[in-house]
Every structure is written in C-alpha cells, then in structure tokens.
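Subject: Structure for your review

Dear colleague,

Please find below the structure that I am handing over to you. I would be grateful if you could read the notes after it with the model open.

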Amino acid sequence: MSDLSREAVEAVDTAKQVDDILGLPEHLRDALWRVESAKLEPRDAPGGFIVAGMGGSAVGGALAAAVLGDRASRPIAIARDYGLPAWTTHEATVLCSSYSGNTEETLAAYEAAGVIGAQRIVATTGGKLAAAARADGVPVVPLPGMFQPRVAVGYSLVIALEVAALCGAAESLHSEIDVAAAHTEALATEWAPDGPEDSLPKEIARGLHGTIPQIAGAGLTSPVAYRWKTQFNENAKTPAFAAELPELNHNEIVGWQGAAELGRFSAVFLDDSDLHPRVRQRIELTRGFISPTAASSFRVEGRGETRMERLVSLVLLGDLVSLYAAVLRGIDPTPVEMLDRLKTVLAGG
Ligand SMILES: O=P(O)(O)OC[C@H]1O[C@@H](O)[C@@H](O)[C@@H](O)[C@@H]1O
C-alpha cells in the first residue's frame, strides 16, 4: 500500500485538502493583494511587533520572523497564549491572527492588546474577532473562507511579513514574496500526486511510514520543523516531535540510544545553505550517530535562491509529506476530531 497517485490520494482526501495545499503559491500572491487592499496605515512601532495566534495562524508569524532573520530591526515575538509578553507596551503593534476568528486564546490576546493600548491589526475570515474589530474600528485583513485553518499558512506568513514592514520592524519583502510564489509553483507541480511516484515528498512519506518522526531544524528551518510536526499531528494523526539544532546535540541525541528498544523512531533534518557551517556539520554527524537506532532518516535542503523561496519550499514539502503520510495510513487528513471534542468540552465548562 504505497501508491501515492492522484487516485490513491482522492480515495482518502475527501475534502481535497491536497489541492488547497498545492494552492500555496496563489495564497502568497493573494495575501499580498489582500494586505494592499486593506490600505493599512503605516505606523512606526518602537515597541516591536507581536503576532498573537494559535496553530497555523501563529506559525505564520514564526515563519515570518525566520525569513526576516537579521533583516528585522525591532523585536518580533509570537504570542501563543491568552495574553501578551509582559514587556508589551502601547508602542507595540499586535497582529491578531485567527483564521476562524473564534479561537479563544487569540480573542483574549486581542483584548489584552486593547487594554495596553497597542496598535491592533486583525487577520481573519470572520467570527468573533471580526465582530470585535468592527466594533472597535480596528483594521482587518480579510481572509478567504474556504480552507482548513492550517492550510492558510501562506496567508498568515505573508500578512505577518507585510505588517512587520508597515510597523517598521523589518524591511519590506514584497518582491521577494512575489518571486517566491512563482518558484513554488514549479515545486507544486513536481510534488503533486500527479507528479512522479518517486518525487521527494512521496519518498519521504514512504520512508517515515510506520514510524514516529522527529523533525529537526535550525535557524531559518526551526519553525518549519515545528510546522512539519504539527502537520503530522493534524493530517496524519500520529505523534511527531520537533527539535532544534544545535540544542538537540546537548541532550536529545543521547535519547536515541534507547530509541530502537522503545519503538520505531525516524528523523528528518531540515537543512539550509545559510546555516552556520558548524550547524551543518552537526546535522551530518548527528544523522550518522543516530542511524543505528533510527528506523529511517532524511536530510533535506530548502530549494531556491532567497530565504523566502527556501523556507516556503520546505513548508510545502512538509505539508505534502504529512498528507501523503495520511494516505499511506488510509485516513482522511482533514477532520481533527480530538480538537473538536476538546473545544466542545471547554465550551461546556
Ligand atoms: O486560525 P484559527 O482559526 O485561530 O485556528 C488556530 C488553530 O486552531 C486549532 O484548534 C486547529 O484548528 C488548528 O488547525 C488551527 O491552526
């Protein structure tokens, strides 16, 4: 059962999530247009830039901070909680990002930003967040309403980048985003179900099948590793873990000694040409050290010239690997029953 053709994918992917994932290049372009159309007023924010959100909406902020790297000129923080960092002042800009507009942590952070008097900007399809923003006169970047929240990662990434530029936290990457969208299109074709049966995401999905993957990133690829982990959780419905280099060389590497006794664990190292040379050396060495106890391991490098291209290529790759992993398990990647159950219980209490 290792068929990952279009027919095999459609047999389990009832909601056609695969086509939404493959729409990433278009999402990047559409997000640029949506920010432009929202006509946000540039406002210098010496207090830094905070992205408040959860899941796919938060990871867009983390990916944006990674793409910017040392092109950021002010602190950029991600708030995945009911509140904001203790240092937040009225001089900060807070982007409240929630696809549904109904995520309670993000709604609480939105309120907290209002109490502090920080500049607020909202990105959402609607829900309570849009209603609150409307009532408060807070500008909204409207999102298209036909996706699973986690599929809208291209939107949350680009909107965070654009708002970072508008509030003086970083230079504008507008043209870099545009070029990256075109670059990603070619990858989407190559890696789609209709593409070759031995394409990179299909090969990785087959290699990880039946294992618990640990995804390791560093620098640019750290938040991408986390994205892969969460996509494995939500799409493939398996445990998965993310770790960072060089930190994992100071603890986690030792744990691999016991890996084979406890189960089938695999590793994916997300490499990038721009990483510190010693980190790149550590990736290769770590992969060699863990190979006796790892069920499988992969080292993949982002494709493209710019940081944006390379990061987006790895996001797309991880999204497709997680989807193909679901197909290999014979399950529909779209529903997230555990999350829905938890939300129902929380709503009752
Ligand atoms: O972007 P919103 O709608 O706030 O969702 C944030 C997160 O919520 C979770 O419960 C899941 O649905 C995730 O896939 C999603 O990324």
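The model is predicted, and local features need pLDDT of at least 70, side-chain atom pairs count only at pLDDT 80 or more, and totals for chains, interfaces and linings use all residues. Residues are numbered from 1 along each chain as its sequence is written, and side-chain values use heavy atoms, with hydrogens and water left out.

**The ligand**

Around the ligand there are 13 residues, and Ser-57, Ser-98, Tyr-99, Ser-100 and Thr-103 are the closest. (A residue counts here if one of its heavy atoms lies within 4 Å of the molecule.) By class, this shell has four nonpolar, six polar and three charged residues. Ala, Val, Leu, Ile, Met, Phe, Trp, Tyr, Cys and Pro are counted as nonpolar, Asp, Glu, Lys and Arg as charged, and the others, Gly among them, as polar.

Which residues make polar contacts (pairs of N or O atoms within 3.5 Å) with oxygen atoms of the ligand? A polar side-chain atom of Thr-103 lies 2.5 Å from a ligand oxygen. A polar backbone atom of Tyr-99 is 2.7 Å from an oxygen atom of the ligand, and an N or O atom in the side chain of Ser-100 is 2.7 Å from a ligand oxygen. Taken alone, the ligand exposes 390 Å², of which the protein buries 91%; these areas come from the Shrake-Rupley method with a 1.4 Å probe.

The largest share, three residues, comes from α4. Helices (H or I, at least four residues) and strands (E, at least two) are DSSP runs, numbered from the N terminus.

**The largest pocket**

The ligand takes up space in the largest pocket, meaning that more than half of its atoms lie within 2 Å of the grid points of that pocket. On a 1 Å grid over the protein atoms alone, a pocket is an open set with protein on both sides within 12 Å along at least five of seven lines, whereas a cavity is a set of points where a 1.4 Å probe fits but cannot get out; lining residues have an atom within 4 Å of a point.

The largest pocket holds about 1,000 Å³ of space, a volume being the space filled by probe spheres set on the points. Its lining has 33 residues, and Met-54, Gly-55, Thr-103, Leu-339 and Lys-343 lie nearest its centre. Elements that supply two or more of them are α4, β3, α5 (104-116), α10 (222-236) and α15. The lining divides into 11 nonpolar, 12 polar and 10 charged residues.

**The backbone**

Most residues other than glycine have a negative phi, and most peptide bonds are trans. Lys-39, in the loop between α3 (24-38) and β1 (49-52), has a positive phi near 50 degrees. A cis peptide bond, with omega about 0 degrees, joins Leu-245 and Pro-246.

Yours sincerely

Key
Polar contact = N/O pair within 3.5 Å; in protein donor to acceptor, adjacent residues only side chain to side chain.
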